[in-house]
Amino acid sequence: MSRFAVLGAGVAGLCVATELAARGAQVTLHDPAGGPGGHGCSWWAGGMLAPWCEYENAEEPVLVHGQAALGWWAEKTAVTTRGTLVVAHARDRSDLDRFARRTHGHAPVSGAQIAALEPDLGTRFPAGLYFAEEAHLDPRRALRDLTDSLAARGMPVRDDAPPPGAQIVDCTGLAAREALPELRGVKGEMLVIRAPELTLSRPVRLLHPRIPLYIVPRGDGVYMLGATMVEAEDRGRISARAMLELLSAAYALNPAFAEAEILEIGTDLRPAFPDNLPRVTRQGDVTYVNGLYRHGYLLAPAMAQQAAEALLGPHLVETADAACH
Ligand SMILES: Cc1cc2nc3c(=O)[nH]c(=O)nc-3n(C[C@H](O)[C@H](O)[C@H](O)COP(=O)(O)OP(=O)(O)OC[C@H]3O[C@@H](n4cnc5c(N)ncnc54)[C@H](O)[C@@H]3O)c2cc1C
């Protein structure tokens with residue numbers, strides 16, 4: 001039987017190991033950091049499972065594979081399905097209309113309906129869109145649940161080298177840049193804040209002509225505010241501008257966010273190929289699963305299934321790229 005060594009315990013590596021293990025393969029999982037954490041991009045994600053919203057500026061595979069991810073994650077971790085609310089100020093009405101034209105799976109909502117869905121938004125926004133079928137998860141819990149489930153099946157994350165003879169599946173995100181020179185980093189900056197006096201029960205996206213922002217509830221009054229998109233070579237620190245934009249967006253949703261406690265400031269580089277779609281590729285003996293861009297949680301399950309089928313199925317992908325099509 002083939003033995004596989006999966007490199008990287010981010011969302012890509014954990015999903016690939018899970019899918020290989022589900023097919024009965026012998027798998028070891030390796031990450032020098034010993035497991036998921038702030039060293040990996042997956043730690044900083046919002047955890048929105050929002051294929052219909054993301055379709056606004058993404059390709060068809062994001063919509064198709066993203067919908068399949070909702071069920072995949074629901075079997076592995078806690079997923080909250082309360083939809084996504086997209087709102088815009090009256091002056092940005094044209095942005096809302098454009099968003100509605102470019103997406104589907106939504107219903108228009110009035111100011112009163114927005115207030116009924118999320119009372120703490122009040123009637124600040126005259127109109128919005130409600131994507132009822134979208135969902136969200138807590139990325140750190142999802143990573144832990146996958147890690148724990150693999151460990152319980154005898155596949156803990158190891159910090160040693162892969163065993164000799166194992167087929168390598170490289171899921172190391174941007175660390176694979178040398179082997180995958182087309183890979184680039186797209187910096188995301190985010191905040192985690194605590195505002196116990198405010199309640200939002202679903203992700204809310206605030207459309208804005210320059211920087212569209214979102215807020216994702218984590219429970220117990222904790223919210224993730226994200227995220228910028230900046231072409232960058234290193235993850236660096238958060239810029240003053242990003243901090244201002246993120247906090248202004250929260251303030252625009254409800255001025256009481258001004259009293260929030262800032263718990264975390266996070267930045268990382270999303271690994272992306274030129275077309276912003278992920279790929280399963282093969283170079284020599286190594287299979288690479290990479291380029292998840294801003295859709296790590298949305299597309300990793302589908303990419304992991306593609307990789308597992310390519311590795312274990314009758315027709316092993318030898319050189320061609322199995323892109324996310
Ligand atoms: C602010 C922000 C918000 C985001 N929000 C969302 C969202 O709401 N929804 C969504 O779907 N996506 C979101 N994303 C995108 C998502 O986080 C990424 O697409 C995803 O994390 C990429 O995962 P990865 O496993 O490829 O890389 P990583 O998470 O970076 O994992 C790579 C792992 O490889 C390990 N590694 C490195 N070198 C080696 C080696 N030589 N051997 C073994 N292991 C190695 C590293 O330690 C690391 O653990 C967001 C990203 C950011 C930055």
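1. Ground rules. Residues are numbered from 1 along each chain as its sequence is written, and side-chain values use heavy atoms, with hydrogens and water left out. In this predicted model, local features need pLDDT of at least 70 and side-chain atom pairs count only at pLDDT 80 or more, while totals for chains, interfaces and linings use all residues.

2. Aromatic pairs. Rings of Phe, Tyr and Trp (its six-membered ring) pair if their centres lie within 6.5 Å; planes under 30 degrees apart are stacked, over 60 edge-to-face, and the rest tilted. The count is four aromatic pairs. One of them joins Trp-73 and Tyr-297. This pair is tilted, at 5.6 Å centre to centre with 35° between the planes. Trp-73 lies in helix 3 (residues 60-74) and Tyr-297 in helix 8 (residues 296-312), so the pair ties together parts 224 residues apart in sequence. Helices (H or I, at least four residues) and strands (E, at least two) are DSSP runs, numbered from the N terminus.

3. Burial of that pair. Are Trp-73 and Tyr-297 buried or exposed? Buried means under 20% relative accessible area, exposed over 50%, and partly exposed in between (1.4 Å probe, protein chains only). Trp-73 is buried, at 0%. Tyr-297 is buried too, at 5%.

4. A cluster and two charges. Ring pairs link Trp-72, Trp-73 and Tyr-297 into a cluster. The charged end of Lys-76 sits over the ring of Trp-72, 4.2 Å from its centre. Elsewhere, Arg-279 lies over the face of Phe-273, at 4.2 Å from the ring centre. The rule for a charge over a ring: NZ of Lys or CZ of Arg is within 6 Å of the ring centre and within 35 degrees of the ring normal.

5. Strand 17 (residues 279-283) is mostly covered, with four of its five residues buried. Strand 17 pairs with strand 18 (residues 286-290) in the antiparallel sense, over five bridges. Two strands pair if DSSP finds at least two bridges between them. Which residue of strand 18 is the bridge partner of Thr-281? That partner is Tyr-288. Two residues lie between the strands of this hairpin, and Gly-284 takes a positive phi near 60°.

6. Three strands form an open sheet in the order 3-8-4, with antiparallel pairing. Strand 3 (48-49) and strand 4 are the edge strands, each pairing on one side only. Strand 4 and strand 8 share two bridges. Thr-80 has His-136 in strand 8 as its bridge partner.

7. A pocket. Which residues lie nearest the centre of the second largest pocket? They are Thr-80, His-136, Pro-217, Arg-218 and Gly-219, among 16 lining residues. Strand 4 (79-80), strand 8 (135-137) and strand 13 (213-219) each give two or more residues to the lining. Strand 13 gives the most, with three.

8. How a pocket is found. On a 1 Å grid over the protein atoms alone, a pocket is an open set of points where a 1.4 Å probe fits, with protein on both sides within 12 Å along at least five of seven lines; lining residues have an atom within 4 Å of a point.
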